[in-house]
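Hi everyone, thanks for coming. Have a look at it first, and then we'll go through it together.

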Amino acid sequence: MYTDLQLHIDGEWLNGSNRRTEEVINPANGKALANLPHATKADLDRALSSAEKGLAVWRAMTPYDRAKIMRKAADLVRERAEKIATIMTLEQGKVFPEARMETMTTADIFDWFAEEGRRAYGRIVPGRMKNTRQLVIQEPVGVAAAFTPWNFPALTPARKIAAALAAGCAIIVKASEETPGSCVELVRCLVDAGLPKGVCNLVFGVPAEVSEHLIGSDVVRKISFTGSVPVGKHLAGLAAKGMKRATMELGGHSPVVVFADADPEKTADTIAAFKYRNAGQVCISPTRFYVQEGVYDRFLKRFTEYAKNIKLGDGLEKGTTMGPLANPRRLDAMEAIVNDSKARGGKIVTGGKRHGNQGYFFEPTVITDLPDDSKLMTEEPFGPIAPIVTFKTFDEVVERANSLPFGLAAYAFTSSTQTATMIGDAIQSGMVGVNSIMISTPETPFGGIKDSGYGHEGGIEGLEAYTNKKFISQA
Ligand code: NAD
């Protein structure tokens with residue numbers, strides 16, 4: 001049911017013979033699924049020189065021809081969606097319908113970028129003298145190196161690969177060693193769609209060793225990383241040393257502001273479903289809930305009911321609505337958060353502990369009465385724990401919402417158009433959902449400010465991240 005885990009370098013699928021390997025674990029039962037080969041230094045060097053050659057071939061093709069291959073790959077992802085989603089659930093834990101939706105969105109990302117690559121327009125700037133042309137054109141930035149995490153094992157690599165390919169770049173991807181199978185299948189779709197060899201190489205290994213080797217190489221001109229703030233800052237430093245372009249999609253701590261004029265039940269249903277998606281292991285997951293006093297009790301009641309009705313279990317079992325956490329580190333983190341919350345006077349309204357004795361399950365949890373400086377209110381939980389507190393005024397909640405060093409996503413609910421406009425303007429965040437949770441689509445820019453990183457994926461900004469602007473003055 002799982003897949004054959006291999007590296008993909010210079011058009012060849014490589015297995016574990018003579019290479020170090022590591023076990024990939026199913027988080028629903030803690031059992032090994034397969035062994036993943038690690039790239040050797042020689043493998044990484046081969047990937048680098050192959051990407052250099054791949055770049056020459058790929059950038060020489062027209063965006064029209066590149067789009068045909070990318071669209072074919074998107075079609076293959078859709079055709080193979082059941083298989084890819086099964087692999088994803090096995091290695092990551094998310095429930096099958098979520099895995100399937102992620103797979104379909106992955107295909108959409110390839111379609112969208114295939115077309116956007118054909119619209120990588122330049123411009124003509126009127127000259128100061130007669131008979132001159134001042135042209136601004138976009139060129140591929142070169143070979144990119146991408147590092148992706150375990151929470152969205154297909155979608156995150158797709159965002160980087162699709163944008164790079166659309167811009168005419170070659171790419172080396174180091175996907176997560178904990179959830180490698182989804183990305184292996186994604187690269188298989190690209191290869192089967194006819195992507196020339198060397199254009200997309202896939203490697204695995206010890207993350208710090210691989211990233212240092214690739215970012216340190218002169219071949220690589222662009223870095224893209226999705227993951228935690230400390231690792232992002234470290235990689236941004238390595239990129240800066242080599243004067244390399246970088247996109248950093250790091251952690252967040254999304255505030256949710258529910259004003260008293262919002263429908264508390266409808267809002268609770270919407271935002272609770274979004275909170276417990278992927279067991280809360282999402283960088284744009286709603287994290288701190290500020291509810292205005294007039295609707296606090298109703299909101300809390302409905303949100304808690306939602307949490308209590310969640311069916312925990314193996315994501316491949318029908319009817320399961322939340323799977324396990326992806327790895328044992330998250331279980332430890334949840335326990336530390338609950339302990340700190342109790343010590344800081346927090347009340348556990350529901351959940352608060354591990355579920356079962358196999359796999360990495362943690363109960364959907366709601367905590368109230370927490371001070372703003374507690375662990376849960378200040379550190380990214382990346383798990384199924386929701387703190388819900390009250391606020392009185394607009395100015396007060398804006399100050400509290402903007403008080404952390406993160407700025408990735410934020411949400412607000414109100415029935416007043418004026419409040420909607422004011423809160424959209426006041427929140428310091430890369431993305432704000434006002435009466436909406438639709439802040440991540442292939443065609444819109446996704447990215448953070450402050451410690452949440454810089455640069456965008458998705459939208460025209462996502463393509464620009466892989467292009468250099470060149471000015472040609474022609475007399
Ligand atoms: P971590 O900080 O060890 O790793 C985060 C990711 O970075 C992993 O995918 C890991 O393989 C990769 N990584 C680690 N060191 C690296 C290096 N030197 N070079 C390249 N890649 C490297 O932590 P973790 O336990 O995997 O996750 C913990 C925290 O990371 C979470 O609480 C969350 O805040 C954050 N995270 C964020 C995202 C996101 O979507 N922004 C995804 C996964 C994890």
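Let's begin with a pair of helices. The axes of helix H9, residues 264-275, and helix H10, residues 296-308, come within 8 Å and cross at roughly 40°. With that angle, H9 is oblique to H10; angles under 35 degrees count as roughly parallel, over 145 as roughly antiparallel, 65 to 115 as roughly perpendicular, and the rest as oblique. The crossing of H9 and H10 is right-handed, meaning that the near helix is turned clockwise from the far one by less than a right angle. The axes here are lines fitted to C-alpha atoms over the stretch in contact, and angles run from 0 to 180 degrees between N-to-C directions.

Which residues meet there? On the H9 side you'll find Pro264, Glu265, Thr267, Ala268, Asp269, Ile271, Ala272, Ala273 and Lys275, and they meet Arg298, Phe299, Arg302, Phe303 and Tyr306 in H10. Contact means heavy atoms within 4.5 Å. Sorted by class, the residues of this contact of H9 with H10 are 8 nonpolar, 1 polar and 5 charged. For the classes, Ala, Val, Leu, Ile, Met, Phe, Trp, Tyr, Cys and Pro count as nonpolar, Asp, Glu, Lys and Arg as charged, and the others, Gly among them, as polar.

Before I go on, a word on what we are looking at. This is a predicted model, in which local features need pLDDT of at least 70 and side-chain atom pairs count only at pLDDT 80 or more, while totals for chains, interfaces and linings use all residues. Residues are numbered from 1 along each chain as its sequence is written, and side-chain values use heavy atoms, with hydrogens and water left out. As for element names, helices (H or I, at least four residues) and strands (E, at least two) are DSSP runs numbered from the N terminus.

Now for a second pair. Helix H3, residues 81-92, and helix H6, residues 181-192, have axes that come within 8 Å and cross at roughly 160°. H3 and H6 are therefore roughly antiparallel to each other. The contact is made by Lys83, Ile84, Ile87, Met88 and Glu91 of H3, together with Gly181, Ser182, Glu185 and Cys189 of H6. By class, the contact of H3 with H6 has 4 nonpolar, 2 polar and 3 charged residues.

Let's stay with one residue of that pair. Is Ile84 buried or exposed? Ile84 is buried, with a relative accessible area of 2%; buried means under 20%, exposed over 50%, and partly exposed in between, with a 1.4 Å probe and protein chains only. Leaving out residues up to four places away in sequence, Ile84 touches Val77, Thr103, Glu185 and Cys189. Ile84 and Ser182 are 98 residues apart in sequence, and their C-alpha atoms are 6.0 Å apart in space.

Over to a strand next. Gln134 is found in strand E6, residues 133-140, and counts as buried at 18% relative accessibility. A polar atom of the Gln134 side chain lies 3.0 Å from the backbone oxygen of Pro126. Not counting residues up to four places away in sequence, Gln134 touches several residues, including Arg123, Pro126, Phe471 and Ile472.

Helix H14, residues 417-426, gives us Thr419, which counts as buried at 16% relative accessibility. Thr419 touches Phe259, Asp261, Phe394 and Thr414, again not counting residues up to four places away in sequence. Met422 also lies in helix H14, but Met422 is partly exposed, with a relative accessible area of 38%. Met422 and Val206 are 216 residues apart in sequence and 46 Å apart in space, C-alpha to C-alpha.

Finally, some backbone and loop positions. Where is Asp369? Asp369 is found in the loop between strand E15 (365-368) and helix H12 (375-378). Phi of Asp369 is near 60°, a positive value in a residue other than glycine, and Asp369 is partly exposed at 45% relative accessible area. Lys450, in strand E20, has a positive phi too, near 50°. Asn357, in the loop between strand E14 (347-350) and E15, is exposed, with a relative accessible area of 75%.

Notes
A polar contact is a pair of N or O atoms within 3.5 Å; within protein, one must be able to donate a hydrogen and the other to accept it, and residues adjacent in sequence count only if both atoms are side-chain atoms.
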